[in-house]
Each structure stands twice: as C-alpha cells, then as structure tokens.
Amino acid sequence: MVCQLSFLCLDSLIHSFAGQLESTMTLSYLKAGRLKQWLGRQDCPAFLRECKVIFDKAFRKSSVNDCPAASAFGPVPEGLKHVICGTKVALRARHSVGDIVYSRCSTHVGNSLVAFYPGGNRSSPPIPGSIQHIAVYPNQDVVYLVKRQMPASPGLVDPYVDYPHFPARLYTNALSPDLDLVRPDWILSHYA
Amino acid sequence: MTRIQELIRDMATPSWLPPVPYNFGDAAAGTLKADEWRTVTTVYIPIALISLWGGRAASHASQATANRLKMVLDHTMALVSAIILACMRTTTETRMTAYLNYLRTWVSELRIHHPDVEYWVNHHMAFHIYDFLRLFGPVRSWWCFPFERLIGQLQRLPHNHKHGMSIVFSMFG
C-alpha cells in the first residue's frame, strides 16, 4: 500500500516538475524494482520465476555455479577420502546460493566463514566454521568441507551473552582439525 | 576509536557487507552514508565496545570505572539491539515489543549517561517506527534506500539545471 502510494505520488511529482528523461528513468526504475520484488515473493507464479532464471542467464556476466569442465573432475584427494564418497570429484573456489557467494578460505576468508546446522538438523544451534574445500560431484551435487571454529575455554566468560538480540558469541581463532561435510542448504548465514 | 579502526581493518567479513572506510572517525574519511552507518553501528562499534568494556572488569583502573563503563555499554547496546531488531527482514510481536522497550530504555537513560546531550526530534520519531512496523511490516518494505539510490543515479547524470532539457543540452552542449 505504501509502495503504491509512493509510486502514485512520485509519478505525479515527476510529471509536474521533470521532463521526459527524468520521467522515463524514474518510471523504469520503479517498475523494475516492483518486478524484482514480485519475482522474489514466495507466491510468485512458477512460470514467472522461470522467466527470472532466463533473465539472469541472459544479463548476468557469468555464474559461479557453471558446471566444471569434464577435465576438472579427478580422483578424490587423499586428505578428503574419509569424508567424500565416490571416486571422482571437482574442487572449485566458490559457489553461490541465491545471491550469496560462498568461497573456500584460500580464496576469500570472509566468504568462507559460515554458521551451519550439523547434519541439517535445524533444531540444534548453528555451529560456526570455515569452508576449506568446495567439492562438486559428477552429478552436479555440491558439498562444502568445513572446519569448525573451536569453542572458547570453559572458564572464560562470554561478554556477548548479556545482549540476547546482538547475534555474537565468543569462540577461539583456532579451527578443528576434522572436516565436516556440509550441504549448501544446511547453512544459516555467513558470520564475521 | 583506535579499536574500531583495527576491527574495520582486520575483521574478515563476507563480501555482501558494505565496506566502511578503514580510517573511520578521521576527517579524511569523509561523511558516512546511511548504510555505512548501519554497518558501523550494528557490527564494528558493538564488538569494539564489548571487547573493551564488557566482561573484563579486571583490566580497568578501578571497579567503579568498570561499573561506569559497563553501564554506558549496556545503554549503547540498547540502541544497537533496537536497530538490529528494526532492520530485520521479518518482524513479530515479540520483536516489535523488544524494539520499543530497547528504545524506551535508551532514550530515558540518555541524559543520565550523557548529560551534555540534548534531545532531538529524531528521538521522538524513532518511536513512530514501532507504529510503522505494526502497520506496514518490516522496514525493508517501506524504507527509502531504493529512492536514495535513484536520486544518486539522477544526480550523477550530466545536466544543465533545466528540468526536462538534459538530453538536448547534453547532446549539443
């Protein structure tokens, strides 16, 4: 309702004070914004969402989710055989889910830090960790191999617990030596 | 301020978080935009202040100083919590009530912790955000950042201060 009122007010305003250029730009901007908002809604019809996929493919420069070339697949590295099942896998630097880009820590430390639900169990609290590798199976399934952030020493007082609406907790800088296999939909968000 | 600048420089953040000038607080950093202020207020300042004043009373000169700084920290965190709750992508009755309570705490104790500060009309207007959250939903549905971006695009266009004649004069000017 507010958007509609704003749109009507702005529409009449630009026709009163601005010329054709300003009018065209403003209306195009508003219509594009409203279309984008509509495409992002859960109740947007499926065929419109299909159009969005086509628009994204047509107008975005490239996707970080492009399928790796066949030559990129090779034997599973020795250090990852205990967590990755299968014989062939491709390792990549980054992967995007929606508009969010996740990277391995050697590519971008900030984009590698994620809070995830172990085993996809959303009833348990999320665990912070750093993505060490991003692996793609030949069937295009993507998994992240994550080292958990080590918890703070038991005797240490966490100063953040006094502020329940400030989403921060105390951890050490050290990472667990073990790797967790994490699927993209198990991730809650990035953390800093 | 040094602690905040260290955090801005050293903290590993995801690429979608808007960057903030490393020299925040210096005159050379210029004026921050609203979105940059939001990042500073909800990420860097609270972490810096909590690391300095929260839960480490032994590092202060005296217990009285520690208590005083902890009260200032609690007061500041009331505002930080209110901003975080107001900017969430979804809102609930609990979040709206918590926002109002945090704002009441912060405004009512403002002159206690900062006696030299005067009340501004913005302090009053912030209470109406609670009404708007209740009436219109999350702030992202009705805040003015999209229009600010549009204004920025229009301002960057070459023009001659004559509305509606920009194309003609930029073509022949």
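The C-alpha trace of chain B spans about 70 × 40 × 35 Å along its principal axes.

Two notes before going on. This is a predicted model, in which local features need pLDDT of at least 70 and side-chain atom pairs count only at pLDDT 80 or more, while totals for chains, interfaces and linings use all residues. Residues are numbered from 1 along each chain as its sequence is written, and chains are lettered from A and ligands numbered from 1 in the order in which they are written.

**Chain B**

Color chain B by secondary structure. Helices (H or I, at least four residues) and strands (E, at least two) are DSSP runs, numbered from the N terminus. Chain B has 8 helices and 0 strands.

Next, color residues 2-143 and 144-173 of chain B separately: these are domain 1 and domain 2, with bounds that come from an automatic or database domain assignment. The centres of domain 1 and domain 2 of chain B, taken over C-alpha atoms, are 35 Å apart.

A residue is buried if 20 or more other C-beta atoms lie within 10 Å of its own, exposed if 12 or fewer, and partly exposed in between, with C-beta atoms placed from the backbone. Of the 173 residues in chain B, 18% are buried. Two residues are in contact if their C-beta atoms, placed from the backbone, lie within 7 Å. Among the contacts in chain B with a separation of 6 or more, 49% are between residues 24 or more positions apart.

**Where chain B touches chain A**

Show both chains. In chain B, 28 residues are in contact with 28 residues of chain A. On the chain B side, at least two residues each come from helix 2 (34-53), helix 3 (63-86), helix 7 (145-156) and helix 8 (166-172). Helix 3 of chain B gives the most, with 5 residues. This side of chain B has 20 nonpolar, 8 polar and no charged residues; Ala, Val, Leu, Ile, Met, Phe, Trp, Tyr, Cys and Pro count as nonpolar, Asp, Glu, Lys and Arg as charged, and the others, Gly among them, as polar.

**Chain A and its strands**

Now select chain A, which has 4 helices and 10 strands. From the N terminus on, the elements run α-α-α-β-β-β-β-α-β-β-β-β-β-β. Buried residues are 15% of the 192 residues in chain A.

Strands count as paired if DSSP finds at least two bridges between them. Go to strand 3 (residues 94-97) and strand 4 (residues 100-103) of chain A, an antiparallel pair with 4 bridges. Ser96(A) is opposite Val101(A) in strand 4 of chain A. This hairpin has 2 residues between the strands, and Gly98(A) takes a positive phi near 65°.

Which residues stand opposite Phe116(A) in strand 6 and strand 10 of chain A? In strand 6 of chain A, the bridge partner is Ile127(A); in strand 10 of chain A, Ile187(A) stands opposite. Strand 5 of chain A pairs in the antiparallel sense with strand 6 over 4 bridges and with strand 10 (residues 187-190) over 3 bridges.

**The cores**

A nonpolar core is a set of buried Ala, Val, Leu, Ile, Met, Phe, Trp, Tyr and Cys residues joined through C-beta atoms within 7 Å. The largest has 18 residues, and Val114(A), Phe116(A), Ile131(A), Ala135(A), Tyr144(A), Val146(A) and Val182(A) have the most contacts inside it. Strand 5 (113-116), strand 6 and strand 7 of chain A each supply at least two residues of this core, and strand 6 of chain A gives the most, with 5 residues. Another core, apart from this one, has 16 residues, among them Trp53(B), Met77(B), Ala78(B) and Leu103(B).

**Two loop residues**

Select Ile84(A), in the loop between strand 1 (74-75) and strand 2 (88-92) of chain A. Ile84(A) is partly exposed, with 19 other C-beta atoms within 10 Å. Beyond four places in sequence, Ile84(A) is in contact with Val76(A), Val89(A) and Ala135(A).

Finish at Gln140(A), in the loop between strand 6 (127-136) and strand 7 (142-151) of chain A. Gln140(A) is not a glycine, yet has a positive phi of about 80°. Gln140(A) counts as exposed because it has 10 C-beta neighbours inside 10 Å.
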